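The entries follow the order in which I looked.

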Amino acid sequence: SKVKKKQKTLKVADFEKVEDFESECEYVLSTKKVVIFNKEVAGEDFSFFINKETSLESCLHSINEYLEWLSDAKAILINYYNEQADDNWYNTLEVYSGHLDVGSIGISAHISAGDIFSPDHLLEIDFEGKEITHIGWDG
């Protein structure tokens, strides 16, 4: 089996604010990578949108806990996708980018990936908390 990649615990200093919106701020990781489905994604390809009523310090633990879960969210992804999806499908996923939305009520995520069943399309995966709400194809 493939070696599990560990998500490194993030600190406040790892986050770089790149955009200031009316109700939220966008951050990226300047030097760290994010591990999604056991794949490493460059920090600049993964955004964190944090509600302005929530400080980065106050939600850091939740972000770290969620990313640790997302780094190995294999079972939920395979179960949601369909019966064709198996270890090989999961291991050959390519994860291109994504973002987390951190609000007062919790975390949601959007991941863009590529898979072997539909190589010409982007796989768009939406999470609310630790449930998948939608998987769609783009392109």
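Entry 1: I began with Ile 63, which touches Phe 15, Phe 48, Ile 50, Leu 56, Leu 100, Val 102 and Ile 107 when residues up to four places away in sequence are not counted; contact here means heavy atoms within 4.5 Å. Before going further I noted that this is a predicted model, in which local features need pLDDT of at least 70 and side-chain atom pairs count only at pLDDT 80 or more, while totals for chains, interfaces and linings use all residues. I also noted that residues are numbered from 1 along each chain as its sequence is written, and that side-chain values use heavy atoms, with hydrogens and water left out.

**Entry 2: the core around it.** I then looked up the largest nonpolar core, which has 39 residues, and found that Phe 37, Phe 48, Ile 63 and Leu 100 touch the most other members. Helix H1 (residues 56–70) supplies the largest share of this core, 7 residues. For the term itself I wrote down that a nonpolar core is a set of buried Ala, Val, Leu, Ile, Met, Phe, Trp, Tyr and Cys residues joined through side-chain atoms within 4.5 Å, and that buried means under 20% relative accessible area, exposed over 50%, and partly exposed in between, with a 1.4 Å probe and protein chains only. In soluble globular proteins, nonpolar side chains tend to be buried together.

**Entry 3: the chain as a whole.** I counted 3 helices and 9 strands in the protein chain, where helices (H or I, at least four residues) and strands (E, at least two) are DSSP runs numbered from the N terminus. The order of elements from the N terminus on is β-β-β-β-β-α-α-α-β-β-β-β. The C-alpha atoms fill a box of roughly 40 × 30 × 25 Å along the principal axes, and 44% of the 139 residues count as buried. Among the contacts with a separation of 6 or more, 50% come from residues 24 or more positions apart.

Entry 4: Which strand holds Cys 25? Cys 25 lies in strand E2 (residues 24–29) and is buried, because its relative accessible area is 8%. Leaving aside neighbours within four places in sequence, Cys 25 is in contact with Lys 17, Glu 19, Asp 20, Phe 48, Phe 49, Ile 50 and Lys 52. Ser 55, in the loop between E5 and H1, is 30 residues from Cys 25 in sequence and 9.9 Å away, C-alpha to C-alpha. At 34% relative accessible area, Ser 55 is partly exposed.

**Entry 5: Ser 47 and His 99.** Ser 47 is found in strand E5 (residues 46–51) and His 99 in strand E6 (residues 94–102). Is Ser 47 buried or exposed? Ser 47 is buried, because its relative accessible area is 11%, whereas His 99 is partly exposed at 24%. Beyond four places in sequence, Ser 47 is in contact with Glu 26, Tyr 27, Val 28, Gly 98, His 99 and Leu 100. His 99 in turn is in contact with residues including Phe 46, Ser 47, Phe 49 and His 110. His 99 and Phe 49 are 50 residues apart in sequence and 7.3 Å apart in space, C-alpha to C-alpha.

**Entry 6: two positive phi values.** Phe 37 has a positive phi of about 50 degrees although it is not a glycine, and Asn 38 has one of about 65 degrees, also without being a glycine. Most residues other than glycine have a negative phi, and most peptide bonds are trans. Phe 37 lies in the loop between strand E3 (34–36) and strand E4 (39–41), and Asn 38 is found in the loop between E3 and E4. Phe 37 counts as buried at 0% relative accessibility, and Asn 38 is buried at 10%.
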